[in-house]
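Visitor: I am new to this structure and would be grateful for a guided introduction. May we look at it together?

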Amino acid sequence: MKTPALVAALAAGFSMAHAANFATGVNTPAGNPADEALKGVYEAREKDWRNGAVVYQVLPDRFAPAANLEAKRHLYPAPKVLRRWDESPKRGSYVESARLWSHEIEFWGGDLASLVTKLDHVQALGADVLYLNPIHLAYTNHKYDAFDYNAVSPEFGTREDVKALAKNVHARGMKLVLDGVFNHMGRNAPIFKDAQANPQSKWRDWFYFGPQYQSGTRTWWLAENLPEINLENKAVRDHIYGAKDSVVRSYLRDGVDGWRLDVAVDIGFQFLNELTRAAHAEKPGSLVVGEIANYPKDWMPAVDGAMNFTLREIIVRTAKGQLEVPLAQKMIDRMMADSPPGGLLKSWIMLDNHDTPRLASTIPDTQRRRMAQVLQFSLPGSPNLYYGSEVGMTGEQDPEMRGPMRWDLVDQGHPELTWTKQLVALRKAHRALRVGDYRPITAHKLLAFERYTDRALDTIVVIANPSDQPVSESVLVGNSKLMNNWNLVSLDGQVKLPILVGMLHVTLPPGGFLVLKPEASPGGGYSAYKRVQ
């Protein structure tokens with residue numbers, strides 16, 4: 001099948017629904033003992049918004065131009081610089097007076113009020129969650145150097161603006177997640193400056209001081225601007241998450257639905273577990289996702305889910321031809337087997353974000369990029385869309401990948417935007433992709449797997465050819481409820497492949513992919529699935 005047809009096949013069939021029974025309506029499809037054991041499992045997963053959600057990530061400074069930038073120009077005093085929206089960020093020079101890189105203190109002026117004006121776009125994409133990079137009071141544009149967690153940086157707004165944003169997001173059927181940077185603060189935080197200057201300061205034990213540290217203070221990865229906070233101090237833990245008026249709990253009461261935790265591996269298993277339990281106690285069903293670049297296996301349930309860097313690396317390297325397909329398949333299979341299914345469904349699958357080159361720069365070839373995105377949207381987890389990547393924005397290493405949102409490309413109806421909407425619609429139309437389990441398909445040259453539930457007709461089969469050569473091979477689909485000599489069909493019905501005693505024969509061009517489902521009935525009122533759930 002030609003590549004354009006593959007794309008068209010995905011696009012056309014997203015709204016098709018499975019029929020439960022195509023016979024006379026007399027028979028009730030029945031399950032087997034394995035289905036009985038799973039009774040209620042998938043229904044419970046569907047009720048939990050955290051499972052398989054589509055997440056849209058925003059850098060508040062770079063997402064939407066402020067309505068009246070001149071009125072807030074005083075919030076960016078020198079050496080800070082306010083840029084035009086049509087300027088792109090570039091690597092800067094070290095500013096000795098600020099002890100920061102110049103690109104860390106260049107601003108584009110976006111804020112929470114301007115973000116609200118663009119929520120129609122986020123909603124139209126089909127996103128379930130809006131995730132904001134840090135908004136608390138800090139000096140830099142990225143805000144990973146907090147001064148005060150309880151205060152919102154004035155360039156962005158106030159706590160009242162957060163409450164208003166949460167209400168607006170909820171009215172659209174979405175959730176709001178904030179970025180919590182609870183391993184370190186900023187060098188210019190008033191409490192740190194007081195602790196550093198005064199050994200008798202009440203804040204002294206909130207940080208680590210001593211001659212064993214390179215700068216006299218323990219800092220994150222030796223970054224002078226980021227002194228680490230002493231989480232071993234109960235007063236610090238109470239301030240962040242333990243007390244009723246803590247940072248984590250108070251924002252949840254403001255309407256926020258969860259937290260993404262920066263450098264969560266540095267916080268460690270014990271304190272992550274405590275924070276997650278505190279969040280759940282304050283707001284049952286809230287989400288805690290950790291930025292965990294390690295292998296994710298043992299980090300859940302200390303957090304509800306992890307940012308799945310391992311899966312990102314496998315997908316990107318496979319799409320770029322840097323991993324041989326059999327090895328990539330083994331890596332995915334092992335990670336899926338090692339990790340708890342509930343944790344995986346809540347984990348975020350990102351192909352790019354504020355710390356990586358943008359996807360269009362990482363995988364310039366359109367077809368291979370789309371293959372990677374199909375994997376992102378079909379493997380277990382919650383796809384994380386980085387603002388602007390839906391219109392093909394490019395950008396290499398920091399700060400280039402943090403450019404201002406290209407609203408001109410949205411207005412022009414960019415083809416990547418159409419494709420992204422199709423991927424989101426695909427996920428929303430198929431229960432197995434949102435909350436189903438994973439099972440590998442036995443293949444050699446093709447990357448293949450299925451997502452399944454206790455219902456045969458929910459099954460989705462995904463097959464991709466990451467190689468640079470056409471591949472034709474027989475694969476084994478180990479699903480005992482897929483009927484012999486019955487078809488699996490592409491989502492628009494254009495491609496039909498008969499499954500013979502569990503085997504499919506598939507031919508794909510380089511970079512090709514197929515997304516298939518069982519054919520419930522070829523017509524005429526008959527279905528081989530009439531007595532199979």
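Visitor: Which residues does Phe 63 contact, leaving aside its neighbours within four places in sequence?
Guide: This is a predicted model, and Phe 63 belongs to its largest nonpolar core. Leaving aside neighbours within four places in sequence, the contacts of Phe 63 are Tyr 56, Val 58, Trp 85, Leu 115, Lys 118, Val 122, Tyr 387, Met 405 and Trp 407.

Visitor: Which helix gives the largest share of this core?
Guide: The core holds 117 residues, and those touching the most other members are Tyr 56, Phe 63, Leu 130, Leu 132, Phe 182 and Leu 379. Its largest share amounts to seven residues, and these come from helix 11 (residues 264-282).

Visitor: How many residues are in the other core that lies apart from it?
Guide: Among the members of this other core are Ile 441, Ile 463, Trp 486 and Leu 497. Its number of residues is 25.

Visitor: Within what arc do the buried residues of helix 13 fall?
Guide: The buried residues of helix 13 are Val 325, Ala 328, Gln 329, Ile 332, Met 335 and Met 336. Residues three or four places apart on an α-helix point the same way, because each turn takes 3.6 residues. Seen down the axis of helix 13, the buried residues line one face, since they fall within an arc of 135°.

Visitor: Which exposed residues does the face of helix 13 turned away from its buried side carry?
Guide: The buried residues of helix 13 pack against helix 12 (309-319), helix 14 (341-346), strand 15 (437-440) and strand 16 (447-452). The face turned away from that buried side carries Lys 330, Arg 334 and Ala 337.

Visitor: Is Arg 406 buried, exposed or partly exposed?
Guide: Arg 406 is placed in the loop between strand 14 (382-386) and helix 17 (407-411). Its relative accessibility is 37%. Buried requires under 20% and exposed over 50%, so Arg 406 counts as partly exposed.

Visitor: With which side chain does the side chain of Arg 406 make a polar contact?
Guide: Leaving aside neighbours within four places in sequence, Arg 406 is in contact with Val 391 and Met 393. The polar contact of its side chain, at 2.8 Å, is with the side chain of Asp 408.

Visitor: Over which residues does pLDDT stay under 50?
Guide: The chain averages a pLDDT of 93, and 95% of the residues score at least 70. Where pLDDT is low, the predicted coordinates should not be read in detail. The stretch with pLDDT under 50 is residues 1-26.

Key
Residues are numbered from 1 along each chain as its sequence is written. This is a predicted model: local features need pLDDT of at least 70, side-chain atom pairs count only at pLDDT 80 or more; totals for chains, interfaces and linings use all residues. Side-chain values use heavy atoms; hydrogens and water are left out. pLDDT is the predictor's confidence in each residue, from 0 to 100. Contact means heavy atoms within 4.5 Å. A nonpolar core is a set of buried Ala, Val, Leu, Ile, Met, Phe, Trp, Tyr and Cys residues joined through side-chain atoms within 4.5 Å. Buried means under 20% relative accessible area, exposed over 50%, partly exposed in between (1.4 Å probe, protein chains only). Helices (H or I, at least four residues) and strands (E, at least two) are DSSP runs, numbered from the N terminus. The arc is that of the directions from the helix axis to the C-beta atoms. A polar contact is a pair of N or O atoms within 3.5 Å; within protein, one must be able to donate a hydrogen and the other to accept it, and residues adjacent in sequence count only if both atoms are side-chain atoms.
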